[in-house]
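The structure comes first, and the notes follow.

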Amino acid sequence: MIALSGVVTSAHFLPLYSFGPMAPDLSRALDIPLGELQRCITFNFAGIAVGSQLAGWLIDRFSLRYATLCSLVLYAITYIMMGSVPLSQNLLYAFYFLLPIAGSGTLLVTWTTIVCAKFERQRGIALAILLSGSGLVSTVAPLLLASYVGTPDWQQGFFVMGILPLATLMVCFLALPAGSTNLSQCGDPSRDSATTGADEASKQVSGVSYQETLRTRQFWTITIALILIVFVIVSMITNIVPMLVQKGLSQSDATLVFSAFGLALVAGRLGAGFLLDQFWGPLIAFCALMLPSFGCILFLVAPPHVALMVLATVLVGVAAGAEFDILAYLVSRYFGLRSYAKVFGTVSGTVALGSGMSPLLFGPLIDGAGNYDSLLFICIGLAAVGASLFLTLGPYAKFE
């Protein structure tokens, strides 16, 4: 429950899912075109890349409790400042870059570290339940902002976003064990007691070092494959509605179609988590992350019938739900838990940085072509290549 509450308010998801409802107000107040305002997401992903690296270092250097509590305070303060100061275009970009850095201890590195330390046999489904919190925040954030957006008090919506990390701060202050400095302690307070055997603690931190991990083929294969896949998913998330409108659906129908994305995301999280515990992880990764290719094919060639467009959206949404389950699970299985926080932080940060470039690259492509066909062709190929790379990973590592 600690980790789930952390994911719901995480700097990995809250800025992303609260951005859409506030975008029209930001566009009007700052006189920024909506297309150009999308750069906030690029800056936010760049901040996630930096914050993920910082989180791994903080957890390794200090206690997980200390890193988490301090980050939650700084994260909340940053949001409160966004609601307090007069905003400009450059200041807005700076805030979106700083949010995941100030909240580095609230990123997925922290929460998946707790779950991986706690669970062994059912790690996949545990990670799935944890990461389903992203589906919850995608639903809750717009509802909390509904009474502020479109009103003269729209900027107070940032205060609401700042209150959420403070609620998580209270949960973590009361529930995270004091003195948790490594993976053998952070998952379960009972492991601090004298009844916990040395063998169990050793098992929890088995694995290869961070430097050894960087020299493995599996590390770079996972990283490159996920950059390709997440690039496709981010491109689809930000373009499905305008693409469907261009295909002939009304704005309301296109929005209704996209509402299926959140449900598919949760289904993808839970389904991938269950299957990862039953079958070879790279095979599940291949099957789940090939789905955006089929979704993009439907977007490209299918007539604009609502049912077909819902199916295409669901295929992308399932992959979006599975991606972080797969990343956390494969990192723990191929590299162990000895340097999990650093390794996960490096991979997720690099993936965020690479995929965060998609708004800068697809914008000129769409404007130049006048349609989404070129983008869809590229996404079909990238998803197919990225998913296929997982099949080259080989068997899980075995640690002494």
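Of the contacts (heavy atoms within 4.5 Å) in the protein between residues at least 6 apart in sequence, 82% link residues at least 24 apart. The model is predicted: local features need pLDDT of at least 70, side-chain atom pairs count only at pLDDT 80 or more, and totals for chains, interfaces and linings use all residues. Residues are numbered from 1 along each chain as its sequence is written, and side-chain values use heavy atoms, with hydrogens and water left out.

**Whole protein**
- The protein has 23 helices and zero strands, taken as DSSP runs (helices H or I, at least four residues; strands E, at least two) numbered from the N terminus.
- Of its 400 residues, 54% are buried, where buried means under 20% relative accessible area, exposed over 50%, and partly exposed in between (1.4 Å probe, protein chains only).
- Carbon and sulfur atoms hold 68% of the accessible surface of about 16000 Å², computed by the Shrake-Rupley method with a 1.4 Å probe; for residues, only the protein chains shown count as cover.

**Lysine 247**
- Lysine 247 sits in helix α15 (residues 240-247).
- Lysine 247 counts as partly exposed because its relative accessible area is 24%.
- Leaving out residues up to four places away in sequence, lysine 247 touches Phe299, Leu300, Ala302, Pro304 and Met309.
- Proline 304 is 57 residues from lysine 247 along the chain, and their C-alpha atoms are 6.1 Å apart.

**Valine 73**
- Helix α5 (residues 64-82) contains valine 73.
- Valine 73 has 34% relative accessibility and is therefore partly exposed.
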